[in-house]
2 protein chains.
Amino acid sequence: MSLLVVGSVAFDSIETPYGRAEGVLGGSATFFSVAASWFDRVNLVAVVGEDFGKEHLDVFTRRSIDTAGLERASGKTFRWQGEYAGDMNEARTLDTQLNVFQHFAPKIPEKFLGSEYVFLGNIDPVLQLHVRRQLTGARLVACDSMNFWIKGKAEDLKKTLAVVDALVVNDGEARMLTGERNLKRAADSIRRLGPRMVVIKRGEHGATLFADNSTFTVPAYPLEVVRDPTGAGDTFAGGFLGHLARTGDLSEGNLRRALVYGSVMASFAVEEFGVDRMLRLGAAEIEERFREIKELTHFDV
Amino acid sequence: MSLLVVGSVAFDSIETPYGRAEGVLGGSATFFSVAASWFDRVNLVAVVGEDFGKEHLDVFTRRSIDTAGLERASGKTFRWQGEYAGDMNEARTLDTQLNVFQHFAPKIPEKFLGSEYVFLGNIDPVLQLHVRRQLTGARLVACDSMNFWIKGKAEDLKKTLAVVDALVVNDGEARMLTGERNLKRAADSIRRLGPRMVVIKRGEHGATLFADNSTFTVPAYPLEVVRDPTGAGDTFAGGFLGHLARTGDLSEGNLRRALVYGSVMASFAVEEFGVDRMLRLGAAEIEERFREIKELTHFDV
């Protein structure tokens, strides 16, 4: 199959109780594509600046991610600086320099237009819609969003939601988008806006998939140390859509397995800063955590 | 089998976004025993005042709960007043009148001394230890605690923990007791104090059982409306220990099923104020939610 992601590539500077990292490769499209690359070929659409070197590009090419849609613009790459304190569930942004990302207008290379699985990372919903409309052969389009767009571009976001199959958001965003505190009601409300599937991520508490007549909950893999939660959500989406693209199977049973792979990949991402841990993976490790989550949740009726 | 609970019986006045209730029957021993009564015979040890009427006693006797250990003291029954706002995970206490509970010295009727399954509700750890020592034939003793004792009587609590089999606490309490934010490490730390099992409740996010070489996570049953979370934790413990007492089976598989029954019972408790919803239950409803949690968590490897 073919899996397309549109989103950000950034340099992140992060401080957590476990240490700090300066200018490490990050951004939604980075975390998504590196995670998904363990499952299938990934087509990347994003923008970087002149400070994006060969060593950064190599991260993608080593994972066989197709960078034909990685535009190089004049100026600097998007930079984000944040810190996590006591409650590692939420970052405090210290600085954001959008740089070339500010005028990002995603251009989908012609060879990507037939992509069947699509993830519209957290960008302006107007751009998400523009990309969505070009991908007429897609079997499953998922999108992410955030409080900035939910508050500032609610009507545009609704237009995007009307034409996507899945929304992948965290619990706070689902509540903000719908005004419903209860997550089941929030998911029902989102589904009425268009997406037939809603994945609500709950950080260290796992994630829940709400689909037709079916709800499935997966816990987070229990780690002793979470060093850096940055990118966990996009990584989760990468595992989820990666498994779906690899198998081409949208049955309920396979959607459930895909959600477990999302949780597995997120657990690796947060063990280290940036995407380092995900670059050192092996397929056997992924399968081992998949089975451990089975063990963690299984009971006989 | 036989199941003993020592804890509080109270009159609660509660306000939530869904309404208010004045002077409804509550307290840890009440929620625990009503929940557990759906599984096995329950022996209740608690204290009430002169304002505790026949209509209140009937709640227990209708559920075949043995009230031989329900002491009636001169004075008023323990009263608690609290409210829940936006985040229904935590109550704000408005008023506490300990009344007869202030001088509660649990007396275990001789016929209860052979109880095999025991829940030491959230009372002074000195009293918990005193009760524990009398129950020499117990197969499984579980206890609860709270921030008040963790801060104020840490050494006494540790003495109690050294002689119980299971600690059932919420995530905040586990963190406070151990100084570990990470729940896996907090559970390991608690197990080194004595209990071979630690159940950490996470409100709307479910609960996790940490035992020898085994970790099991159950989600909360997804409800559209949570009217009153008061007593959810004690109800959870009632379902958990109730199932263990009913079956007399402490195998790992059965501990897992017991945790699911805990989640099932808690889901009923929070649907209405006080124990009302649990008094209107049927065994078939309990089994139905048990199967629904299976459906909510099951995936094929």
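1. Asn99(B) is buried, having 20 other C-beta atoms within 10 Å. A residue counts as buried if 20 or more other C-beta atoms lie within 10 Å of its own, as exposed if 12 or fewer do, and as partly exposed in between, with C-beta atoms placed from the backbone. Asn99(B) sits in the loop between β7 (92-97) and β8 (117-120) of chain B, and its phi is near 50°, a positive value in a residue other than glycine. Helices (H or I, at least four residues) and strands (E, at least two) are DSSP runs, numbered from the N terminus.

2. This is a predicted model, in which local features need pLDDT of at least 70 and side-chain atom pairs count only at pLDDT 80 or more, while totals for chains, interfaces and linings use all residues. Residues are numbered from 1 along each chain as its sequence is written, and chains are lettered from A and ligands numbered from 1 in the order in which they are written.

3. On confidence, the model has ipTM 0.91 and pTM 0.93. Chain A has a mean pLDDT of 96, with 99% of its residues at 70 or more; pLDDT is the predictor's confidence in each residue, from 0 to 100.

4. Ser64(B) also calls for a check of its backbone: phi is about 55°, positive although the residue is not a glycine. Ser64(B) belongs to the loop between α2 (54-62) and β5 (66-72) of chain B. Is Ser64(B) buried or exposed? Ser64(B) counts as exposed, with 10 C-beta neighbours inside 10 Å. Most residues other than glycine have a negative phi.

5. At the interface, 24 residues of chain B are in contact with 23 residues of chain A, contact meaning that the C-beta atoms of two residues, placed from the backbone, lie within 7 Å. On the chain B side, α7 (183-192), β13 (214-218), α9 (252-269) and α11 (283-297) each give two or more residues. Of the interface residues of chain B, 92% are also interface residues in chain A, so the copies meet through the same surface.
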